Amino acid sequence: MSETEAPQGVIKGLITGTDGLTRCFWPGQLPDYLRYHDEEWGRPVTDDIRLFEKICLEGFQSGLSWLTILRKRESFRAAFAGFDIDAIAAFGDDDIARCVADAGIVRHRGKIVSTINNAKRAQELRAEFGTLARYFWSYEPAPHERPATVTFAEIAANPTTPVSVRISKDLKKRGWTFVGPTTVYAFMQAMGLVNDHIEGCICRQPIEDLRARFVRP
């Protein structure tokens, strides 16, 4: 299930867990998904490795659920040198063959080749902007580009946004692949460029507080 498809019976995109806490519906009661929701998703990130890892993994997710990718994340990290940009940019045919044969990851040759290509494009982006963080955070939506209240209906109706379309177009112009506007928006949500925890979720206000203190790159 994706973050925009609430199961039948869920009201307003929120669920109350066995711990009595109310959250966005999508992690359900799965411990690993709950940790991801509570401890990672939506928290502002400036680390280039994490930013690069996430945009690559969002590309691998295309056609799958994020939970599938999350549960393979350590295998992805092992296969792709911890998502070290320079290391991946140096991958050759033997590395592609190794990754295609790796049952621990999604063995999609096109997405594997895309990750290597995108590492090279990330090197170019760093050369121009200094860091990936400076590039991506320059696209942080202004308050007037955000909904006054983040509701499930708002999130479900907008899997892309004008900002994610702009980023996607710019990345594609720069030669990146598997970076469509839906993929880019999921990246923005996860990396904290927006706070899409639904109103009423226990994480919404803490992340608003984090964002208020956050020093933009």
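Trainee: Let's start with Ile 96: does it count as buried or exposed?

Mentor: Compare its relative accessibility with the cut-off: buried means under 20%. Ile 96 comes out at 10%, so it counts as buried. Keep in mind that this is a predicted model.

Trainee: Where does Ile 96 lie, and which residues is it in contact with, beyond its neighbours in sequence?

Mentor: Ile 96 lies in helix α6, residues 93-100. Setting aside neighbours within four places in sequence, Ile 96 is in contact with Arg 109, Ile 112, Val 113 and Ile 116. As for Ala 122, which is 26 residues from Ile 96 along the chain, the two C-alpha atoms are 19 Å apart.

Trainee: Now cores. Which residues have the most contacts inside the largest nonpolar core?

Mentor: General idea: in soluble globular proteins, nonpolar side chains tend to be buried together. Here, the largest nonpolar core has 59 residues, and those with the most contacts inside it are Phe 52, Phe 76, Phe 80, Ile 167, Leu 171 and Met 188. Helix α2, residues 48-61, gives the most to this core, with six residues.

Trainee: Pick one of those, Phe 76. What is it in contact with?

Mentor: Leaving out anything within four places in sequence, Phe 76 is in contact with Leu 57, Phe 60, Ile 69, Phe 83, Ile 105 and Val 106.

Trainee: On to charges. How many salt bridges does the structure hold?

Mentor: There are 20 salt bridges. Take Asp 19 and Arg 23: their closest N and O atoms are 2.8 Å apart. Asp 19 is partly exposed at 43% relative accessibility, while Arg 23 is buried at 6%.

Trainee: And Glu 53 with Arg 77: how far apart are the closest N and O atoms?

Mentor: For Glu 53 and Arg 77 that distance is 2.5 Å. This pair links distant parts of the chain, with Glu 53 in helix α2 and Arg 77 in helix α4, 24 residues apart. Glu 53 counts as buried at 7% relative accessibility, whereas Arg 77 counts as partly exposed at 26%.

Trainee: Then there's the bridge between Glu 58 and Lys 54. Why are they separated by about one helical turn?

Mentor: Because they sit four residues apart in helix α2, Glu 58 and Lys 54 are separated by about one helical turn. Their side chains meet in a salt bridge at 2.8 Å, N to O. Glu 58 is buried, with a relative accessible area of 5%, and Lys 54 is buried with 5% as well.

Trainee: Which residues are linked in a network of salt bridges?

Mentor: A network joins Glu 128, Asp 170, Lys 173 and Arg 174.

Trainee: What lines the largest cavity?

Mentor: Its lining consists of Ile 55, Cys 56, Gly 59, Phe 60, Lys 111, Ser 114, Thr 115, Asn 118, Thr 177 and Phe 178. Both α2 and α7 (109-129) supply at least two residues each. By class, the lining of the largest cavity divides into four nonpolar, five polar and one charged.

Trainee: And the second largest pocket: which residues lie nearest its centre?

Mentor: Pro 143, Arg 146, Arg 204, Glu 208 and Arg 211 do, out of 16 lining residues. The lining of the second largest pocket has eight nonpolar, two polar and six charged residues, and the space in this pocket is about 230 Å³.

Key: Residues numbered from 1 in each chain as written. Predicted model: local features only at pLDDT ≥ 70, side-chain atom pairs only at ≥ 80, totals over all residues. Heavy atoms only, no water. 1 Å grid on protein atoms, 1.4 Å probe; cavity = no way out; pocket = protein on both sides within 12 Å on 5 of 7 lines; lining within 4 Å. Points joined across faces, edges and corners; volume = space filled by probe spheres on them. Nonpolar A, V, L, I, M, F, W, Y, C, P; charged D, E, K, R; others polar. Core = buried A, V, L, I, M, F, W, Y, C linked by side-chain atoms within 4.5 Å. Buried < 20%, exposed > 50% of the residue type's maximum accessible area, 1.4 Å probe, protein only. Contact = heavy atoms within 4.5 Å. Salt bridge = Lys/Arg side-chain N within 4 Å of Asp/Glu carboxyl O.
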